[in-house]
Number of protein chains: 2
Amino acid sequence: MNKKITIAIDAMGGENSPEKIIEAVYLFLKSNKQDDFEINLFGDSNIIKKKIEKFKIISKSVKITHADSIVSDKETPLTAIKNSKNTSMWNCIKSQLDGNSDISLSAGNTGVLLVISKMILKMMDKVSKPALAGLWPNKKNLTVVLDLGANIECDDKNLVDFAELGSALYKSLFRNEKPTVSLLNVGSEEIKGTDLLKQTFKRLKRLSSDNNFKFQGYIEGNTLMDGNTNVVVTDGFTGNIALKTAEGTAKFITDNLKMSLTENFFSKFSLIFSYFSLKKFKEKLDPRKYNGAIFLGLNGPVVKSHGGTDALGFYYSIDLCYKIIKGNLMTQIKNNLNHLNEENI
Amino acid sequence: MNKKITIAIDAMGGENSPEKIIEAVYLFLKSNKQDDFEINLFGDSNIIKKKIEKFKIISKSVKITHADSIVSDKETPLTAIKNSKNTSMWNCIKSQLDGNSDISLSAGNTGVLLVISKMILKMMDKVSKPALAGLWPNKKNLTVVLDLGANIECDDKNLVDFAELGSALYKSLFRNEKPTVSLLNVGSEEIKGTDLLKQTFKRLKRLSSDNNFKFQGYIEGNTLMDGNTNVVVTDGFTGNIALKTAEGTAKFITDNLKMSLTENFFSKFSLIFSYFSLKKFKEKLDPRKYNGAIFLGLNGPVVKSHGGTDALGFYYSIDLCYKIIKGNLMTQIKNNLNHLNEENI
């Protein structure tokens, strides 16, 4: 691959930006010694330059494009199109349309990011609704789950598209030639669930014989993290509820654990001996490692980082962008969708 | 209250029954020294008598009613009505219809239990769909969540009914005169969610001024366990996905923790000092404590215990039955529904 991987970053979005963004770039440059990428930062060039000096970044791979304004947190998707032109977020995605970058990354306002990404990059020909995909930790590695909230209502065509998009993402990230795909439902038997799910089940079963993915049927929420499936497909309402319930449960348990392990002298003392083990445990479950939801189905990928994450969390999002493009996501998606075209329904 | 609380128990349902059921009865008798209840066991009287001897139960409060057959795990809701007559489960619920018990409890086949409960006890006049309610641990106490899977598709009338049923359950369990109710959604702003949720939101807001409950608006999955709401209302599809995802997440985290705390000599050694703290942590999160989903909306409450739980888990379900009747659940439900009747839509 001769062309460099070019990542466009909205340097102004999210809490404590651009400070955390520039620190994240610094972490990325430190960890990735390849010469095959370029980072384009969009935002207030004066402030960005100062932060670049602060972190002593000297690299030909980092470029700055000035933008006068930023998208406010108060902006809604409805007002965004009028008010967000020429913001750092807008120009960041625009650079992708102009062919100057391969992928965009922002920690800014989610609703606005989805709306203007769709407006600028437009939907791919064969896809009618885009999806937000996330990476969930499991016993073995990671699972791609989509949609996490881009569309609260979906039909069977959308869900089939999500299976193709999600398996393309999995392939680009893990070089797996035939990812396994499951459909989230309230039971694993074929007769369970809504008519929509039954119809989608039939179509995915039919598609499963091609080379894009292997359909494994229904999966229930309690086995989602067993690691027996690579891609989990669901509508945006259900996916969002599942994601947030998992986050809430994880927080509830770890808060309780923290309280228990610091409640008295003996438990505090025990921490000395379990320090490294608990550190590893904490690291494995650190949500920053899984930071970054991928917006799929447009003519170019856009990654949304949590607004409240820190430099390390944002670093993982930059790394995700790099891996996605290195794994040729858009080519994988096009191949998958070509196949879909041949489906006889 | 002069009349005794009478709990009908299907002694044959679930794994390791009737052994675990009788052991659970033994635990309940040991913990509850009141003279205000009676337990009616349904099943093979020979086997039950032997188990009663094994656990040395000598109590006038325990009665046995013989049933020749049991509901098989392989039975489906479709075949159940034909095949389950005169089983221990059937006769257990039938005794409620005949006025010989106040509540039924079974650890048997869930689908069959729901179908035959509905068939025997019938829906309450003003309720069109029943709901399965569960108790979720939260930072402060417990939250009632419903529906957990009795109906995968619901309209706004059903969801409003669930709010009334759920708050009646909460009142009966916690003597709270005006529980708070929230609606599960993908965002907390009023404009979020499906048309169905928006319509339900409006109706619950209107009802919130009466004396049954205080409607707090939407709640997201990540704050479900914060303990800021007493009752969470959702359709059975979403509720089931949320419940199972929470179970899966809890298992994933505690499995990882277990692995970490036993991975080497030092972490194992630390367990000596944190033993009691971790024991308390484990006890608080023990799913057996929350065992028992309550089937609401019929002319009498039916409780479903996990099939795979042990004697302690089943003991908690018996205790739940006792508390529900002691708190006058059916009267609370009728009061709530009377109010609903006056709603002008």
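Me: What makes Ile333(A) count as buried or exposed?
Reply: This is a predicted model. Ile333(A) has 24 C-beta neighbours inside 10 Å. The cut-off for buried is 20 or more. Therefore Ile333(A) counts as buried.

Me: Where is Ile333(A) found?
Reply: Ile333(A) is part of helix H11 of chain A, residues 329-341.

Me: Which residues is Ile333(A) in contact with, leaving aside its neighbours within four places in sequence?
Reply: Leu165(A) and Ala168(A). To be in contact, C-beta atoms must lie within 7 Å. Lys56(A) is another matter: its C-alpha atom and that of Ile333(A) are separated by 38 Å. Along the chain these two are 277 residues apart.

Me: How do you know that the span of helix H6 of chain B agrees with its 19 residues?
Reply: Helix H6 of chain B covers residues 156-174. At 1.5 Å a residue, H6(B) should span 27 Å. Its end C-alpha atoms are 27 Å apart, so the two values agree.

Me: Why is H6(B) called mostly covered?
Reply: Of the 19 residues of H6(B), 16 are buried.

Me: What follows H6(B)?
Reply: Arg175(B), with a positive phi near 50°.

Me: How many residues of chain A are in contact with chain B?
Reply: 45 residues of chain A are in contact with 45 of chain B. H8(A) gives the most to chain A's side, with 18 residues. That side divides into 20 nonpolar, 18 polar and 7 charged residues.

Conventions:
Residues are numbered from 1 along each chain as its sequence is written. Chains are lettered from A and ligands numbered from 1 in the order in which they are written. This is a predicted model: local features need pLDDT of at least 70, side-chain atom pairs count only at pLDDT 80 or more; totals for chains, interfaces and linings use all residues. Helices (H or I, at least four residues) and strands (E, at least two) are DSSP runs, numbered from the N terminus. A residue is buried if 20 or more other C-beta atoms lie within 10 Å of its own, exposed if 12 or fewer, and partly exposed in between; C-beta atoms are placed from the backbone. Two residues are in contact if their C-beta atoms, placed from the backbone, lie within 7 Å. The expected span of a helix is 1.5 Å times one less than its number of residues. Ala, Val, Leu, Ile, Met, Phe, Trp, Tyr, Cys and Pro count as nonpolar, Asp, Glu, Lys and Arg as charged, and the others, Gly among them, as polar.
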